[in-house]
Amino acid sequence: MESITNKNRVVLMHLSFWCVYLSFFIYRVSSFQRGDVDWMRVISVASIQVSFALVIGYLNYFLFLPRFLADKNGWKYFVQFTLAFAALFIVRLLLERYIIGTYFGHADYLYESRFIVQVVVTNLFIVIFLGMIRFAVDWFEFETRKRNVENEKLMAELNFLKAQINPHFLFNTLNNLYYLAYSKSPNTAEVIAKLSQMMRYMIYDSNSPLVPLRKEVEYMENYISLERLRLNDQIPINFSVAGDTDRFMITPFIFITFLENAFKHGVSNNNPKAWVKISIALRGDECIYEVENSKIPTVKPESEEKSGIGLQNVKRRLELSYPDKYELDSQDLPDRYKVRLKITLS
C-alpha cells in the first residue's frame with residue numbers, strides 16, 4: 001500500500017511539471033505574436049516541443065540513466081545520450097521547419113543559430129530536471145527499503161526476546177503445578193484452568209506487536225492467582241490498577257518479568273514476613289508500573305544470574321518498543337526490592 005502511494009506521488013509530480021511547463025511554453029510563444037494570436041500555430045509549436053522533450057527526457061529517465069547507474073560508465077552514457085539527443089533534435093527541427101513553413105509561413109527564425117541554442121539548452125534543462133527526480137525517487141525508495149529491513153530485524157529480535165519469556169514462565173508454572181499435584185492440593189484443577197487461559201493469551205492474543213492493556217492486566221491477574229493458590233493465601237499480595245485500561249495498547253509481556261522476579265526472589269512459604277505489592281497507574285498517556293517485594297535473606301547466585309538474564313531481556317525489549325519513551329528505576333533496599341517503570345503509551 002505504501003509503495004502504491006509513493007508511485008502515485010511520483011506520477012503526480014511528473015504530471016504537475018509537464019502541466020506547468022506546457023502552460024509556460026504556450027504563454028511564451030503566444031506573447032511573441034503581434035495582434036491576434038494564431039492558436040493553431042501556438043498549439044503546433046507547443047506540441048512539437050513538448051513531444052520532443054517528453055521523448056528525450058524519458059529515454060534518459062528510463063533507459064540511459066538506469067544503464068549508467070548499473071555499470072557506472074560515464075563515457076558510454078555520454079556517447080549514447082548525445083547520439084540519441086542529436087538524432088531526435090534533427091528530426092524535431094526538420095519537422096518543425098516543414099510544418100511551420102508549409103502551413104503558417106514566416107519560419108525564418110527556425111534557421112537562426114540563436115533558436116537552435118535555445119532549444120538545445122531548454123531540453124537539456126528538462127532532461128537534467130527529470131534526472132534529478134529519478135535520483136530523488138531512487139534515494140527515497142532506497143531509504144524506504146532500508147527502513148523496512150531495519151524494522152524487520154527489530155521485529156525479529158523482539159519476537160526472539162518474547163519467545164524467551166514463554167519457556168521461562170512455563171517452567172515456573174509447571175513447577176508450581178507439580179508441587180500442587182504432589183501435595184494433592186484441591187486447587188490443582190483451578191490452576192490448570194488458569195494456566196489454559198494464560199496459554200491462550202500467550203499463543204494467540206500476544207502475536208501482535210501491541211495488545212490491549214486490559215488483556216495484559218488480565219494475564220497478570222491470572223499469574224498472581226496461581227501464586228496465591230501455590231502459597232495457600234499465606235502471603236499478603238496486593239495488586240491495584242488505577243485508570244481505564246481499555247484506552248491503551250502495550251507491548252505484550254513487558255511487565256511479567258518484574259512480577260516473576262518479585263515472587264521468585266521475594267516470597268517464601270517459610271518466611272511469615274514476606275509480601276508483594278504491585279500497582280499500575282494510568283496518568284494521561286503515561287503508565288506507571290511499580291513492583292515491591294520483601295527480601296529473602298539468602299539468595300542463590302544461580303537464581304541471581306537467571307534473574308539478570310530476564311532483566312536484560314526486558315530492558316532490550318523496552319529499548320526496541322519504547323525508545324526514549326520509558327524510565328526504569330530499581331532500588332535494592334535493606335528490607336525490600338522495588339522497581340518502577342514509567343512508559344509513555346501514546
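**Salt bridges and accessibility**

Biologist: Why is R114 called exposed?

Modeller: R114 has a relative accessible area of 64%, and exposed means over 50%, whereas buried means under 20% and partly exposed lies in between (1.4 Å probe, protein chains only), so R114 counts as exposed. This is a predicted model, in which local features need pLDDT of at least 70 and side-chain atom pairs count only at pLDDT 80 or more, while totals for chains, interfaces and linings use all residues. Residues are numbered from 1 along each chain as its sequence is written, and side-chain values use heavy atoms, with hydrogens and water left out.

Biologist: What makes the contact of E112 and R114 a salt bridge?

Modeller: The term requires a side-chain nitrogen of Lys or Arg within 4 Å of a carboxyl oxygen of Asp or Glu, and the N to O distance of this pair is 4.0 Å, so the pair meets the definition. E112, at 36%, is partly exposed.

Biologist: Is K342 buried or exposed?

Modeller: K342 has 19% relative accessibility and therefore counts as buried, whereas E327, at 48%, is partly exposed.

Biologist: Which residues do salt bridges that share partners join into one network?

Modeller: That network consists of R214, E218 and D246, and a search of the whole structure finds 12 salt bridges.
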